[in-house]
Amino acid sequence: MPRKGRGPTGSLSRKKWPGGILSEVRHVPVLLNEVLDFARPVLTRLSAPVILDGTLGEAGHTIALLKAFPGARVLALDRDPEMLERARARVSSAGLSFALSTGDSELPAGAVVSRQLSFRFAADLLSARGLRADFILLDLGISLYHLRGAGRGFSYNDQSLDMRLDSREGRTAAELLNHLPVRELEHIFREFGEEPRAGRIARAIVGRRPITSATQLAELVLREGGGGGRRRRIHPATRVFQALRISVNDELGALDEACRTLPEKLAPGARMAVISFHSLEDRIVKHRFRDLARSRAEEFELLTKRPIRPGPEENRANAPSRSARLRVLQRRG
Ligand SMILES: C[S@@+](CC[C@H](N)C(=O)[O-])C[C@H]1O[C@@H](n2cnc3c(N)ncnc32)[C@H](O)[C@@H]1O
């Protein structure tokens with residue numbers, strides 16, 4: 001979809017970094033045909049398969065899956081309650097049934113039952129319901145809505161600096177920037193953003209506290225020469241914003257836990273597909289899936305020896321899909 005957690009958008013990126021600009025808040029699910037192709041052999045042989053969409057977003061993948069496999073039962077999660085509301089509208093306008101669940105309500109065929117929860121806990125949720133999944137999808141990152149409309153600090157234009165997907169959990173980006181020691185900020189920018197000027201930017205932030213808005217942060221990073229070399233294709237603050245978002249939401253921790261626990265919840269013959277958007281995410285998926293396929297080869301098989309990437313047509317039509325990588329694990333039948 002034209003959104004992903006690549007670079008935030010905003011006036012700072014508008015003129016010089018066209019790759020960071022998304023013309024309208026219009027959802028296009030990434031690698032959709034490939035996801036459907038991997039789901040088909042599993043889902044066509046079952047009358048009411050269970051699909052777990054761990055990152056519902058605007059429900060693009062879920063709607064397509066339900067249309068292709070009308071008897072499926074979808075359990076869908078998103079950490080962000082605003083996204084669940086957006087998904088509800090999309091699913092309903094596609095003529096499909098959508099319910100927001102807080103308990104262990106039934107999963108009706110042909111419908112989406114959603115829940116505000118991190119996919120980190122999805123395996124526990126399936127266990128509590130006594131379910132195994134026939135197809136699991138994680139489409140990582142954030143949505144175009146986060147970048148363009150949420151006003152929570154994901155965009156360089158935002159006057160706030162929160163970045164939490166679930167406002168009930170964790171510290172905001174502003175709290176981290178204004179309270180962490182310089183070494184920790186440097187570590188975040190280096191580890192989660194691979195930002196070459198991590199130390200310099202961290203020192204500048206500490207010297208300019210308080211940092212209260214995304215705009216202020218983006219301007220500061222721009223002044224400090226963030227983003228590295230001159231031949232950049234992304235906005236100079238992209239790496240710092242990505243690093244903060246990952247840290248605020250513990251995105252890598254959640255992914256690692258999901259890749260460790262969710263394969264155990266696959267039914268025989270079922271598949272788990274993960275779409276990642278940067279090397280830190282992809283590395284986790286690659287290692288977890290590869291280790292499982294090696295150490296328990298009689299139970300698990302890696303269906304993607306190399307990650308699946310979008311073709312040139314998708315890249316052209318949906319620029320933010322360019323960094324997408326899909327890896328798929330199968331539990332042997
Ligand atoms: C890239 S979007 C998904 C788009 C979706 N596949 C679609 O087609 O509309 C990622 C979504 O996952 C959510 N998200 C990110 N981390 C999450 C987590 N740990 N648990 C649940 N949802 C998460 C974000 O709020 C966002 O809505």
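User: Two residues are in contact if their C-beta atoms, placed from the backbone, lie within 7 Å. Going by that, what covers the buried residues of α12?

Analyst: Bear in mind that this is a predicted model. The cover includes α5 (122-128), β5, α11 (238-248) and α13 (279-295).

User: And which residues of helix α12 (residues 251-261) are the buried ones? What makes a residue buried?

Analyst: The cut-off is 20 or more other C-beta atoms within 10 Å of the residue's own. In α12, Glu-251, Ala-254, Leu-255, Ala-258 and Cys-259 are buried, so each of them meets that cut-off.

User: What puts them on the same side of α12?

Analyst: The arc they cover around the axis is only 130°, which is why they share a side of α12.

User: Which of the protein's elements has the lowest mean pLDDT, and which the highest?

Analyst: pLDDT is the predictor's confidence, from 0 to 100. Helix α1 (residues 11-14) is lowest, with a mean of 38, and strand β5 (residues 133-139) is highest, at 99. Residues 1-7 are also below 50, yet that stretch has 37 contacts beyond near neighbours in sequence.

Technical notes
Residues are numbered from 1 along each chain as its sequence is written. This is a predicted model: local features need pLDDT of at least 70, side-chain atom pairs count only at pLDDT 80 or more; totals for chains, interfaces and linings use all residues. Helices (H or I, at least four residues) and strands (E, at least two) are DSSP runs, numbered from the N terminus. A residue is buried if 20 or more other C-beta atoms lie within 10 Å of its own, exposed if 12 or fewer, and partly exposed in between; C-beta atoms are placed from the backbone. The arc is that of the directions from the helix axis to the C-beta atoms.
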